Amino acid sequence: PRIFGAGDGIWSATLNPQGISEGSIGEADGPEAVAAMVRKEAAAGVRVIKLWATTGSDDDLSGKRTYSYEEIKAAVDAANPLGLTVAVHDTLGVVTDDVVRAGGDSVEHPRTLSAETLANMRERGVSYVPTIYHNVYYRDNIERFGFPADRRAAFDAFIAANCSMASANSCA
């Protein structure tokens, strides 16, 4: 078994993950800045570029786009010559077609993908990573993470949609 570190990943200032200070390593907007951050992450020793191309983590399950096709393509084009894998965070599948077209390696967490998108992913060798159980963990530890109690229903809906997308019989 091998573990390939992705570091904190690369995200847009519009995302600004909780606990990450503005302007810290990982934050990049625009194709040139994204490509430069890929090179910076590579120099720090990461083997996988995690690109946060949508919202949808912790208690924000909205899945809004944070990166354009051009920014996704810039990440892939900068990572490929360095032999790095590009894993793209896309909780609703809103950027998956762009990831496939740009030559990304995997799409993380999508809970809505069309048959056409899945066929294109298969044809181009793009991996689908449903990552169902991290949301079960969030749901089961709502108090520990400080999420409002009313988020339980949102986590349950997210889990059910992800299970359905992955064709799992039972996973909650």
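Author: Buried means under 20% relative accessible area, exposed over 50%, and partly exposed in between, with a 1.4 Å probe and protein chains only. The model is predicted, so local features need pLDDT of at least 70 and side-chain atom pairs count only at pLDDT 80 or more, while totals for chains, interfaces and linings use all residues. Residues are numbered from 1 along each chain as its sequence is written, and side-chain values use heavy atoms, with hydrogens and water left out.

Reader: What makes E2 and E3 paired strands?

Author: Two strands pair if DSSP finds at least two bridges between them. E2 and E3 (residues 85–89) are joined by 5 bridges and run parallel, so they meet the criterion. Valine 48 has threonine 85 as its bridge partner, and tryptophan 52 stands opposite histidine 89. Strand E1 (residues 10–11) is joined to E2 by 2 bridges, also in parallel, with isoleucine 10 opposite leucine 51.

Reader: What makes E3, helix H3 and E4 a β-α-β unit, and which hand does it have?

Author: E3, helix H3 (residues 96–102) and E4 make a right-handed unit. Right-handed means that, with the strands pointing away from the viewer, the path from the first strand over the helix to the second runs clockwise. E3 and E4 (residues 106–108) run parallel and are joined by 3 bridges, with valine 88 opposite valine 107.

Reader: What makes a set of residues a nonpolar core?

Author: Such a core is a set of buried Ala, Val, Leu, Ile, Met, Phe, Trp, Tyr and Cys residues joined through side-chain atoms within 4.5 Å. The largest one has 29 residues, and those touching the most other members include Ile10, Ile49, Leu51 and Val88. H2 (69–79) is among the elements that each supply at least two residues, and its 6 residues are the largest share.

Key. Helices (H or I, at least four residues) and strands (E, at least two) are DSSP runs, numbered from the N terminus.
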